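Hi there,

Here is the structure I promised to pass on. Have a look at it first, and my notes follow below.

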Amino acid sequence: MPSAAGQAGTAVTAVSHAPRHAGDALPAVGHFVRATTTPARLRLLLIGLVSLCLIWGAVAAWVVSQRASGASDVASTSETLSLDGQQIYRALSDADATAASAFLTAGLSGSLEPINGPLRYQGDIAEAAAHLESATAAAGHSAAAADLATLSADLPVYTGEMQTARADNRLGLPLGAAYLQEASTLMRGTLLPAARNISAEANVRLAGASGRATGLPLALVLLVAAVIVGFALYRAQRWLFRRTHRRLNPGLVVASVAGLVSLLWLGIALGMARADLLQARTHGSTPVAALAQADIAALQARADESLTLIDAQGDDTFQQDFVGVQRRLGPGPGTLLTDAVVAARGSPATGPARVAAATATTWYGVHRTVRSLDDNGKHRQAILLVTGRGPGHAGTLFTRLDGSLTSAILADQAVFHRHAVAGRNAFIGLEVGVIVLALIMAVGCARGLITRLAEYQ
Amino acid sequence: MLLVAAATAWALPGSAVVAARQYLPGPAAAPAIPPCDRAHSSLRPTGPPRVTPGSFMEQIRDHHRLIAGVSQSTYPFGFFNPRNGNTEGFDIDIVHAIAKAIFGNRNQVEFKAIPDDRRIPEVWSGGVDIVAHTMTINCLRLEKVDFSTVYFQAGAQVLVLKNSRVKRLKDLRGKKVCSTSGSDSLSYIKAAHAIAVPVVNFTDCLVKLQQGDVAAISTDDNILAGLAAQDPWTKIVGRVFTSEPYGLAISKMHPEFVRFVNAVLQQMRTDGQWTADYRRWVGTPAPAPPRARYKD
């Protein structure tokens, strides 16, 4: 494309220089086209300007379509997929934690399962399945497709093992605990990592789409093309003025005005879209991704906390995992929560993100108490502290942590959505507009020069 | 099928020798294990159980609880009852009896769930005061910890699905057989040229059997009976082919506690408590309790 524009530019420059060296034979171009008389030069100018206008229209429309598709990807597919991945993770993780607590509290509350346990578990599974469906529709043949296939294949295996665990539990069989562990291992080893990948891949896709919609190289191509066309129109009009001593050529004036209008429209639309999409990134998708990562880690730590208490064989895998996740989650320099708070700065998520960070610290304190109770044989007190909903219980604190992160995510998701849609809407009508304006320019140039040519016949 | 039959016939003599070897005490069992008399391995009590000043029992009393390393997944010896959230079983009731002898209260116990391969390390580190965990007294273990007198006599068998054609361990040559890591079952599974699949809990073995991941489970008959009770579509096959006398493991640093525990066991044998526990957890009719034998 640039080489075509360059050739056109050289041709026009050669033509417009022609009058000054009227006598000289123009070595290369002049020899080639033999434009030695004014009508011949006018004819050449006509062809050059019209093709230049058409090329300009094509280049501008191409650049606009690239950007518009990037912007539309940002606002639609990537967003859906990323959100679905995260919702699948949260639903599955909550299902697993609910099943674990149901087992933990058996006998403590006087009933086999907490009253709302099965309902909540089933709601979680239904939610995961619904998001799985919409994610599969959005993913197409992207990298996320393999992870979605894993989820579709293994989710029924998981729920099957959970049902067996539940049935065995109801019969009072210790085998139920083994099925619970088996299901949980599948969840943590296969299902949750797949759900995490979907979000990660969607974020990569989002970054790509956002780059296409806001990248500078394409804008530079457009600018170079505009400069070439503008320069050509200017030189053509100056040459005509000198040659014919008429101040204005209406056709070329119309072409110039149309060119200016399209340039202004392009500038404003691309600029606005870029500003909006960058806003969507800095105050939308970036903090959302950081917050989502923190939320996923928090959910994982919570599941660890419950499973540590069930683990009938007393090995400390889950506690070790909790400690590892706690280190990643923070707050503290370089941790997920602190990164999320930093990323959320200046967005509506700032408040909830800070609350989340503070709550996490309190929760860790309670978790230490839980561990020391459990290590000192006070298993029941430990369970009550973990599952309890009263003030200062781990259950309450985690709900607050998770709730703050979720509302922070929703707040910045809204910011993202608003800006992404605005960024996409900036392109409405632009592609057709630049094509129509380029045609007007071409017709203007043709009309203006044909009128001049007619004077020689 | 033909191939399996041929393999079985071919395997017969060798495996029989291997299986028979398990019974033999002394050098034939395994070169690494020193010879010992595991039937006469414990310390004689000095009368009825009594918490003497300066003894380990007094230390336990000062800590207000007896810490016992148990299984929470070996029905019906030590298991977590999902209906009431309690740890229960035959092993557990023996721990309760010891707690009653120390505190006068059977519930002053902390049950610490430990996997099979943590039983000796927990005794060594002092993480638990006693291990009551379907633990076989053998010569290798006697080098490391002290055992009480035998409180239960078990022996290895094989558990398969009802429709299985397997009749004994040697039919399982080349097939996957599940047991727990850290149990002595793994060694005879390997000796029978079966593929040993180690897991953490025996209930994990049952999950694998139900899901078709393994062809059989092999461990002590009483544990297999506990698994079969949880799945009516399984059966125990073949004869008992090892002798597994269970003892409670205690650190070698506390011989007075070994004598104390033996006194409690002796009481249980004579006052009918052992028989009542057996009937409650294992079934009827209850055999006579294993006789107490001492080093001296």
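How closely do the axes of helix α3 (residues 38-75) and helix α7 (residues 175-214) of chain A come, and at roughly what angle do they cross? They come within 7 Å and cross at roughly 145°, where axes are lines fitted to C-alpha atoms, for helices over the stretch in contact, and angles run from 0 to 180 degrees between N-to-C directions. Helices here (H or I, at least four residues) and strands (E, at least two) are DSSP runs, numbered from the N terminus.

Before going on, a word on conventions. This is a predicted model, in which local features need pLDDT of at least 70 and side-chain atom pairs count only at pLDDT 80 or more, while totals for chains, interfaces and linings use all residues. Residues are numbered from 1 along each chain as its sequence is written, and chains are lettered from A and ligands numbered from 1 in the order in which they are written.

Also in chain A, Ala340(A) lies in helix α11 (residues 336-344). Ala340(A) is buried, with 31 other C-beta atoms within 10 Å; the cut-off for buried is 20 or more, with C-beta atoms placed from the backbone. Leaving aside residues up to four places away in sequence, Ala340(A) touches Pro287(A), Ala290(A), Leu291(A), Ala294(A) and Ala353(A) (contact means C-beta atoms within 7 Å).

Now to chain B, which has 10 helices and 15 strands. Of its 296 residues, 49% count as buried.

Five of the strands form an open sheet in the order β11-β10-β12-β9-β13 (chain B), with mixed pairing; two strands pair if DSSP finds at least two bridges between them. β11 (195-199) and β13 (234-237) of chain B are at the edges with a single partner strand each, so one side of each has no neighbour in the sheet. Strands β9 (residues 156-161) and β12 (residues 216-220) of chain B run antiparallel and are joined by four bridges, with Val158(B) opposite Ser218(B). Helix α8 (residues 221-230) of chain B lies across β9, β12 and β13, at about 135° to β12(B).

Finally, helix α9 (residues 255-271) of chain B has 17 residues and should span 24 Å at 1.5 Å a residue, which agrees with its end C-alpha atoms being 24 Å apart (the expected span is 1.5 Å times one less than the number of residues). Its buried residues, including Phe257(B) and Met268(B), pack against α2 (56-62), α3 (90-103), β7 (146-147), β15 (249-250) and α10 (273-281) of chain B. After α9(B) comes Gly272(B), with a positive phi near 90°.

Best wishes

Terms used. A residue is buried if 20 or more other C-beta atoms lie within 10 Å of its own, exposed if 12 or fewer, and partly exposed in between; C-beta atoms are placed from the backbone. Two residues are in contact if their C-beta atoms, placed from the backbone, lie within 7 Å.
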